[in-house]
Amino acid sequence: MKLWRTPFDHNHSAEPLAYVFIDRERCKGCGFCAEYCPRDVLKMGSELSSKGYQLAVVKDGSKCLACGFCELICPEFAVKLTINNKAHSEIKP
Ligand code: SF4
Ligand code: SF4
């Protein structure tokens, strides 16, 4: 798609700063990650895990700040962040 202007934060938002992975076997559906993500990246989905828990899902990974809070707050160690080093190196001070 051709943009009629280049957004000022184009380099910041071209790629997510991190990729979020939810381990479906570990998630117990507590909702902490979805509730406290400052960018509304995660939400509780409608799908149930094999153990019957409502699973957290990634709603919009492009908004992730790579703050790591979801990884920290998950009591089941079900969230794994992979930092996108390429996107970080493109951020201009
Ligand atoms: S790293 Fe931060 S912004 Fe990204 S999904 Fe987790 S809590 Fe949200
Ligand atoms: S905090 Fe962990 S266990 Fe709770 S919903 Fe999120 S991924 Fe699942």
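Predicted model: local features only at pLDDT ≥ 70, side-chain atom pairs only at ≥ 80, totals over all residues.

Reader: OK. How many helices and strands are there in the chain?
Author: The chain has four helices and four strands. Starting at the N terminus, they run α-β-α-β-β-α-β-α.

Reader: What share of the residues is buried?
Author: Buried residues are 17% of the 93 in the chain.

Reader: And the contacts? What part comes from residues 24 or more positions apart?
Author: Among contacts with a separation of 6 or more, 65% join residues 24 or more positions apart.

Reader: Now the ligands. Which residues come nearest to ligand 1?
Author: Cys 37, Val 41, Cys 64, Cys 67 and Cys 70 do. They belong to a group of 15 residues around ligand 1.

Reader: What classes make up that shell?
Author: The shell around ligand 1 has 13 nonpolar residues, one polar and one charged. Strand E1 (18-22) supplies at least two residues to it, and so does helix H3 (69-73).

Reader: Which residues are closest to ligand 2?
Author: Cys 27, Cys 30, Cys 33, Ala 56 and Cys 74. In total, 13 residues surround ligand 2. By class, nine are nonpolar, two polar and two charged.

Reader: Back to Val 41. What is Val 41 in contact with?
Author: Leaving out neighbours within four places in sequence, Val 41 contacts Val 20, Val 58, Lys 59, Asp 60, Gly 61, Lys 63 and Cys 64.

Reader: Next, the hairpin. In which sense do E2 and E3 pair?
Author: Antiparallel, over four bridges. E2 covers residues 42-48, and E3 covers residues 54-58. Five residues sit between the strands, and Gly 52 in this hairpin has a positive phi near 95°.

Reader: What stands opposite Leu 48?
Author: Gln 54 in E3. Leu 48 itself is in strand E2.

Reader: Is Leu 48 buried or exposed?
Author: Exposed, because Leu 48 has 12 other C-beta atoms within 10 Å, and 12 or fewer counts as exposed.

Reader: What does Leu 48 touch?
Author: Setting aside residues up to four places away in sequence, Leu 48 touches Tyr 53, Gln 54 and Leu 55. As for Arg 24, its C-alpha atom is 9.1 Å from that of Leu 48. The two are 24 residues apart along the chain.

Reader: What is phi at Asp 40?
Author: Positive, about 60°, although Asp 40 is not a glycine. Asp 40 lies in the loop between helix H2 (32-36) and E2. Asp 40 is exposed, because 10 other C-beta atoms are within 10 Å.

Reader: And what about Ala 66?
Author: Ala 66 has a positive phi of about 65°, and it is not a glycine. Ala 66 is in the loop between E3 and H3. With 17 C-beta neighbours inside 10 Å, Ala 66 is partly exposed.

Reader: Why not buried?
Author: Ala 66 has 17 such neighbours, and buried needs 20 or more.

Key: Residues numbered from 1 in each chain as written. Chains lettered and ligands numbered in written order. Near = placed C-beta within 6 Å. Nonpolar A, V, L, I, M, F, W, Y, C, P; charged D, E, K, R; others polar. Pairing = 2+ DSSP bridges. Contact = placed C-beta atoms within 7 Å.
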